[in-house]
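The following exercises concern side-chain contacts in a protein structure. Each task is followed by a solution in steps.

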Amino acid sequence: MEFAPICVYLIISLLLSLILISVSFLFASSSSLAYPEKLSAYECGFDPLDDARSRFDIRFYLVSILFIIFDLEVTFLFPWAVSLNKIGLFGFWSMIVFLLILTIGFIYEWKKGALDWE
Amino acid sequence: MFEHDFLALFPEIFLINATIILLIYGVVLSTSKKYDYPPLVRNVSWLGLLSVLITIILLAAGAPLTVANLFYNNLIIDNFTYFCQIFLLLSTASTIVMCLDYFKEESLNSFESIVLILLSTCSMLLMISAYDLIVMYLAIEPQSLCFYVIAALKRDSEFSTEAGLKYFILGAFSSGILLFGCSMIYGFTGVTNFEELAKIFTGYKITLFGAQSSGIFMGILFIAVGFLFKITAVPFHMWAPDVYEGSPTLVTAFFSIAPKISILANMVRVFIYGFYDPTWQQLFFFCSIASMILGALAAMAQNKVKRLLAYSSIGHVGYLFIGFSCGTIEGIQSLLIGVFIYVLMTINVFAIVLALRQNHFKYIADLGALARTNPILAITLSITMFSYAGIPPLAGFCSKFYLFFAALGCGAYLLALIGVVTSVISCFYYIRFVKIMYFDIPKTWILYKPMDREKSLLLAITLFFITFFFLYPSPFFLVTHQMALSLCL
């Protein structure tokens, strides 16, 4: 039930942002039609040198995959952190084992150089 | 809390620890400048082989006197799991033995493939002893995940990448189906444990249009389909030939050896014990017939070795399902005998394929005049092929004989008939190997490098078993009978 204010909040913020965008349409002068240069891509004042397509760097994938893994780790940590006083030492050590395995994965990727950007 | 459970799981714990240590060792040393970035793959393979052997010793030393349920009844250890796990570890060890030479020849320097093989072996060990739908699924997934990665091991080969992608998509799809089946079963019964499922399903008539059981029926159907995808039974086999052909030969060998044992063990546990109700029997009956027929007919048209072996393994899954669809103790026993002998023969064949890998041995015709260039290897391959085909004194004949015998014993005359007919048809292409090796004069003579010592030892041992199995099969029958009994009683 406490999600209802959030829903209302979402709708209101959506409306507000739409209003903020449309206000500038109402009052701005539409001069871009007069200057076609204003519609061209901005490349520090020069014309674009080459094709906009470039090879995509694999490191972006690597970073996002690592993010997914450690994001999942955090989702497992949340219930553990909340219920730590109920699960005792056994629950504590089971999570430590989980974290150890993840740490070993982390050491692997560190040594492999997945975290160096350059 | 779980002191005894951890003791009972000692082999798995050891194997996981050994894998982790190997991973750290490999990554630290292979990126060290001090040692000039050594390719550690051979070293890690030997260490991996050693850790598998130690795991076998640990497992064998803790022979179960009786049944043990571990971790709140989530895992089970009994005679069935005990022997299946030992056999699985032996087959993993022989795969690693096969690959010792492979990485150097292929100049593949990824020690991670060995680590992944060991990890998937861990999860297959857990898969064999799974006693709960959730544990079963959680054990199947890491195994498949490791397999997806090692199928795409050769990143510069188009075929390997394609195989990895295909395997991933089909594997994820089949896991989804399996998971949907599990959730149907859970939704309609409220339990996931096999023991409780068995209690629910005793004497429960499951029909498609029954008042309360149609959901359960659909659940069983979906679980069966998911498993049939994983074991490449016929209506769901389409990925297997491409994946087997595309992935590196070592990986193909591992795919066609180890998961067959673990998935069949898991299936037997689920279907014979968990869902003891003959509703699923007709499904396996149909798949068995279809696999036998397709395996026999489609393999005839193949020119490439690995593709042919893929179809042959599909056909063999069909023969194994004969024993499965009977559902009697004799059926289970013959299924286990069939799996063991199939795995022995497959280890042998893939060791040969890996030994003949000069010039990328790909087509069957490349075997021409092997009888003259390497007569002993030619004899080995001929005997294995005769055994695959089921020629009398060899092990393959015994396995097929017991399967057909079990089918006759439970009244499935049609299965036995089709099995015999397709086994006769499949003789054609198995014997074609022999014909090519002994009677064909090739245009270009291909000389293969001599194989390494480990592979030749492996070949000698498996060939010995295949050839002289019939002289003293009783320990084997006793073990499989004990396994079948511990499952059914």
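In this predicted model, Asp78(B) and Arg269(B) are both buried.

**Exercise 1.** Determine which contact the side chains of Asp78(B) and Arg269(B) make, and which parts of the chain it ties together.

*Solution.* Step 1: side chains of opposite charge can pair when their charged atoms come close. Step 2: the N to O distance between Asp78(B) and Arg269(B) is 3.3 Å, and the two side chains meet in a salt bridge; the cut-off for such a contact is 4 Å. Step 3: Asp78(B) belongs to the loop between strand S2 (75–77) and H4 of chain B, while Arg269(B) belongs to helix H12 (residues 249–274), so the pair ties together parts that are 191 residues apart in sequence.

**Exercise 2.** Classify Glu245(B) and Lys304(B) as buried or partly exposed, and place their salt bridge in the chain.

*Solution.* Step 1: the closest N and O atoms of Glu245(B) and Lys304(B) are 3.3 Å apart, and the two residues form a salt bridge. Step 2: Glu245(B) lies in helix H11 (residues 239–246) of chain B and Lys304(B) in the loop between helix H13 (281–300) and helix H14 (305–326), so the bridge ties together parts 59 residues apart in sequence. Step 3: buried means under 20% relative accessible area. Glu245(B), at 17% relative accessibility, is therefore buried, whereas Lys304(B), at 24%, is partly exposed.

**Exercise 3.** Find the salt bridge between Lys455(B) and Asp452(B), and state the accessibility of each partner.

*Solution.* Step 1: the closest N and O atoms of this salt bridge are 3.7 Å apart. Step 2: Lys455(B) is buried with a relative accessible area of 3%, and Asp452(B) is buried with 12%. Step 3: elsewhere, salt bridges that share partners join Glu162(B), Lys166(B), Asp242(B), Glu245(B), Lys304(B) and Arg307(B) into one network. Over all chains, the structure has nine salt bridges.

**Exercise 4.** Describe the geometry of the aromatic pair Phe87(B) and Phe340(B), and its place in the chain.

*Solution.* Step 1: the structure holds 45 aromatic pairs over all chains. Step 2: in the pair of Phe87(B) and Phe340(B), the centres are 4.1 Å apart and the planes make an angle of 40°, which is a tilted arrangement. Step 3: Phe87(B) is in helix H4 (residues 79–99) and Phe340(B) in helix H15 (residues 329–355) of chain B, 253 residues apart, and the pair thus links distant parts of the chain. Step 4: Phe87(B) is buried at 14% relative accessible area, and Phe340(B) is buried at 4%.

Technical notes. Residues numbered from 1 in each chain as written. Chains lettered and ligands numbered in written order. Predicted model: local features only at pLDDT ≥ 70, side-chain atom pairs only at ≥ 80, totals over all residues. Heavy atoms only, no water. Phe/Tyr/Trp six-rings, centres within 6.5 Å; stacked < 30°, edge-to-face > 60°. Helix = DSSP H or I, 4+ residues; strand = E, 2+ residues; numbered from the N terminus. Buried < 20%, exposed > 50% of the residue type's maximum accessible area, 1.4 Å probe, protein only.
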